[in-house]
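The following paragraphs go through part of a model, one element at a time. Please keep the sequence and the coordinates at hand.

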Amino acid sequence: MEKKKFFKTSEFWCFAIILAEFILFVVWGLNMHGGDEMGYSLIAFYGAVPITAFILCIILAAKKSKLSLLLALFIVLIEFFLPFIVFETFEFELSLALAAIPCAAGLGFGYMLSKRK
């Protein structure tokens, strides 16, 4: 039986996607001009990161990956530190809610999909 290379697995690509998204939003956030904060917050905190977290957690949970909970924790940490890096402030409750709720929903939905197969 042939072993898969790590770079071809869905686990690697899920972590790579969320890390690339984090780097993109940090670079964009640090290069903002005055008045761009609201648009950045809507896109980054309420749009892209939660949607990506939901989809990636579904993918790994549906494949019954052992790294699905680690990915969820990684996403929560990224969403927690992103406002600190960009705005130099912690919004503890909001950051955790915006990261944990999509991850939990994605994991739950993915596990339900894996049980149906």
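Which residues of helix 1 are buried? The model is a predicted one, and in it the buried residues of helix 1 are Ser10, Glu11, Cys14, Phe15, Ile18, Glu21, Phe22, Phe25, Val26 and Gly29. They lie on the same side of helix 1, because they cover an arc of only 150° around the axis. In an α-helix there are 3.6 residues a turn, so residues three or four places apart point the same way. The face of helix 1 turned away from the buried side carries Leu24 and Leu30, which are exposed. Helix 1 itself runs over residues 10–30, and its 21 residues reach 30 Å from the first C-alpha to the last, close to the 30 Å expected at 1.5 Å a residue.

What do the buried residues of helix 1 pack against? Their partners are helix 2 (37–62) and helix 3 (68–87).

Helix 3 has 20 residues, which should span 28 Å at 1.5 Å a residue; the end C-alpha atoms are 29 Å apart, which agrees. A kink of about 25° lies at phenylalanine 81 in this helix, shortly before proline 83. Buried residues of helix 3 include Leu71, Ile75, Ile78, Leu82, Pro83 and Val86. After helix 3 comes glutamate 88, with a positive phi near 55°.

Two packed helices are described by the angle between their axes and the distance between the axes. The axes of helix 1 and helix 3 come within 10 Å and cross at roughly 5°, and the two helices are therefore roughly parallel to each other. In this contact, residues of helix 1 including Phe15, Ile18, Phe22 and Leu30 meet residues of helix 3, among them Leu71, Phe74, Ile78 and Val86.

Technical notes
Residues are numbered from 1 along each chain as its sequence is written. This is a predicted model: local features need pLDDT of at least 70, side-chain atom pairs count only at pLDDT 80 or more; totals for chains, interfaces and linings use all residues. Side-chain values use heavy atoms; hydrogens and water are left out. Helices (H or I, at least four residues) and strands (E, at least two) are DSSP runs, numbered from the N terminus. The expected span of a helix is 1.5 Å times one less than its number of residues. Buried means under 20% relative accessible area, exposed over 50%, partly exposed in between (1.4 Å probe, protein chains only). The arc is that of the directions from the helix axis to the C-beta atoms. Contact means heavy atoms within 4.5 Å. The bend at a residue is the angle between axes fitted to the seven residues ending there and the seven starting there. Axes are lines fitted to C-alpha atoms, for helices over the stretch in contact, and angles run from 0 to 180 degrees between N-to-C directions. Angles under 35 degrees count as roughly parallel, over 145 as roughly antiparallel, 65 to 115 as roughly perpendicular and the rest as oblique.
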